[in-house]
Amino acid sequence: MRVVIHGLTKEYVTGKGNIRALGGVNLEVRDREFFGVIGPTGCGKTTLLNIVAGLQKPTNGSVEFVGEKRTQAMVSMVFQDAALMPWRTVDRNVPLGPEFRGDAKPMYQRVTQFFLEMVRLLDFSSAHPNELSGGMKQKVALARALANDPEVILMDEPFANLDAQTRLLLREELLRIWERDKKTVILVTHNIEEAVMLCDRIAVMSAAPGVVKNVITVDVRRPRTLKSMSDPDFVRCLEKIWDLLRYEVDKAMRENHPSADPTLQEKQSRRNYFGWW
Amino acid sequence: MNEAVTARPIKISERGWGGGSRRKVTLGRILFGIGCLAIWQWAHARLGTEWIAGPAEILGRAAELARTGELWVHVWVTFGEALLGFLIGGSAGVLLPFLLRLSPRLTRALDPYLAAAMGVPKLSLAPLLILWFGIGLMSKVVFVGALVFFLLFFNGLAGVQSVDSRLVSMARVAGGREWVITREIVWHTALPFIFAGLKVALPRAISAAVVGEFIAAEAGLGYYINNARSMADTVGIFTGVVLVTALVIVVNGALELVQARSLAWRPVDRDMVV
């Protein structure tokens with residue numbers, strides 16, 4: 001499934017006037033591509049992802065999914081922190097998608113087992129989330145996203161809250177899983193290394209209002225592992241992105257734009273779910 | 001992948017520096033109880049029955065009331081009023097936050113009015129309610145209901161508003177309907193808050209019924225206490241108070257059993273009171 005984003009803008013209405021979070025984003029994510037979006041804080045990366053997920057409405061422009069739908073769901077999301085249901089055990093957290101859609105229980109139990117085995121957490125099926133480490137929780141969230149059986153997986157800084165070593169491990173794990181059954185992935189991150197290690201192509205965004213500055217193709221051979229990080233191609237790509245990004249990061253830091261305020265974004269998105277009243 | 005399971009809450013006794021600690025606690029508890037009774041008995045002996053009724057007298061009175069059957073009538077009346085009011089006010093108080101969730105704008109618009117309604121001292125409404133609903137069961141049920149409603153409503157609202165918005169987003173992306181999201185996510189998030197509200201509301205429901213009976217009633221523990229007061233029957237007042245307390249303790253115990261079962265997933269029993 002290709003994702004075609006055309007002329008996407010998003011404006012937030014605040015007391016101090018309108019804030020332009022996205023200023024006309026054009027992107028085409030190819031079928032079965034691991035696509036990265038990188039940019040400074042407050043460049044509207046998360047907004048972009050929410051719009052693709054259908055959680056927020058764009059002010060202008062469109063998001064189209066082009067291609068034959070081969071799966072049950074269109075998108076799955078993985079958030080910065082796992083956002084599991086603490087009152088449910090791991091094996092009841094994973095099948096959120098199929099269960100909420102109304103699939104038959106025996107079927108989604110099989111699916112749950114399959115994906116828990118894939119993320120190597122089958123032993124923890126009956127544990128509650130508060131008994132798991134941060135990395136394990138994030139793996140459960142990944143299994144949940146996969147069990148939803150989507151065409152496109154949207155990841156919003158999925159490893160940002162983990163310690164450096166766990167992050168490395170989970171990156172490898174994610175690569176291993178992705179190589180098995182290539183799905184279209186859109187990964188939002190502010191970690192350049194992570195983007196280069198995982199992605200086929202990376203869109204570099206400018207500071208608010210966010211627009212795509214450049215799309216970089218990552219020429220590092222697959223399958224990639226931790227060792228790929230010392231590959232000359234890897235380093236070259238890293239430098240290229242940083243050259244594009246440093247000016248934007250500096251600009252974002254100095255302006256300290258209010259659209260970086262997450263509570264504002266959350267309020268806005270809530271308004272969109274419920275409409276007026 | 002070698003990741004350690006984060007520690008479950010460790011009981012102090014598992015750590016090894018409190019082998020006999022549980023026994024010591026039990027012993028201390030018993031000693032404290034005996035101490036209290038001793039002070040009570042001493043005050044009783046010092047000041048006389050007309051000021052402070054002694055434990056033995058109260059026990060005797062309670063036994064006598066139980067034999068004549070009067071006790072069960074009073075307890076049953078008070079319990080019935082509290083229970084009915086609790087069920088009506090409680091279910092409304094729990095349900096309404098879930099309905100208000102569907103419209104955050106309406107909730108915000110209503111906010112000052114709800115705060116004002118919360119500010120009305122409910123106990124001062126009792127005379128008015130008796131004027132409207134008479135001195136029978138109805139006025140106490142309404143009184144208890146109003147009190148319980150507000151306690152549960154505000155706790156329930158806090159619970160509903162603390163729902164993890166990402167979880168709801170996820171469920172929506174997965175195609176969950178509003179009803180399924182409410183049942184599977186919002187309800188479970190709000191449950192600890194609701195239990196915290198229940199914990200506060202249950203004893204208050206019984207107190208409210210008793211206060212209602214003080215003002216005007218024909219039966220019930222509050223009626224018994226007030227009646228004893230008018231006849232300068234100190235033993236009767238004390239017996240009434242002890243019976244109300246016993247009723248509250250029994251009801252609280254029942255609640256805690258239910259709570260332990262419903263909230264087994266919570267690692268620590270944190271009370272959530274707003």
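In the predicted model, the second largest pocket is lined by 26 residues. Those nearest the centre of this pocket are Leu84(A), Pro86(A), Pro129(A), Lys137(A) and Asp164(B). Two or more lining residues are given by each of α5 (134-147) of chain A and, in chain B, α8 (165-173) and α9. Of these elements, α9(B) supplies the largest share of the lining, four residues. By class, the lining of the second largest pocket comprises 13 nonpolar, eight polar and five charged residues. The volume of the second largest pocket is about 420 Å³.

Helix α9(B) also takes part in a helix-helix packing. Two packed helices are described by the angle between their axes and the distance between the axes. For α9 (residues 178-215) and α11 (residues 234-262), both of chain B, the angle is about 165° and the axes lie 10 Å apart. Angles over 145 degrees count as roughly antiparallel, and α9(B) and α11(B) are therefore assigned to that class. The crossing of α9(B) past α11(B) is right-handed.

On the α9(B) side, the contact is made by Leu191(B), Phe195(B), Leu198(B), Lys199(B), Leu202(B), Pro203(B), Ile206(B) and Val210(B). The residues that they meet in α11(B) are Val244(B), Leu247(B), Val248(B), Val251(B), Asn252(B), Leu255(B), Glu256(B), Val258(B), Gln259(B) and Ser262(B). The contact of α9(B) with α11(B) contains 13 nonpolar, three polar and two charged residues.

Rolling a probe the size of a water molecule over the atoms shows where empty space is left. Four cavities of 30 Å³ or more were counted, and the largest cavity holds about 110 Å³ of space. The lining of the largest cavity consists of Phe115(A), Met118(A), Leu142(A), Leu146(A), Ile153(A), Met155(A), Leu174(A), Ile177(A), Trp178(A), Asp181(A), Lys183(A) and Val185(A). In chain A, the elements that give two or more residues to this lining are α4 (105-118), α5, β6 (150-156) and α6 (164-180). The largest share, three residues, comes from α6(A). The lining of the largest cavity divides into ten nonpolar and two charged residues, with no polar residues.

Notes. Residues are numbered from 1 along each chain as its sequence is written. Chains are lettered from A and ligands numbered from 1 in the order in which they are written. This is a predicted model: local features need pLDDT of at least 70, side-chain atom pairs count only at pLDDT 80 or more; totals for chains, interfaces and linings use all residues. Side-chain values use heavy atoms; hydrogens and water are left out. Axes are lines fitted to C-alpha atoms, for helices over the stretch in contact, and angles run from 0 to 180 degrees between N-to-C directions. Angles under 35 degrees count as roughly parallel, over 145 as roughly antiparallel, 65 to 115 as roughly perpendicular and the rest as oblique. A crossing is left-handed if the near helix is turned anticlockwise from the far one by less than a right angle, and right-handed if clockwise. Contact means heavy atoms within 4.5 Å. Ala, Val, Leu, Ile, Met, Phe, Trp, Tyr, Cys and Pro count as nonpolar, Asp, Glu, Lys and Arg as charged, and the others, Gly among them, as polar. On a 1 Å grid over the protein atoms alone, a cavity is a set of points where a 1.4 Å probe fits but cannot get out, and a pocket is an open set with protein on both sides within 12 Å along at least five of seven lines; lining residues have an atom within 4 Å of a point. Grid points are joined across faces, edges and corners, and a volume is the space filled by probe spheres set on the points.
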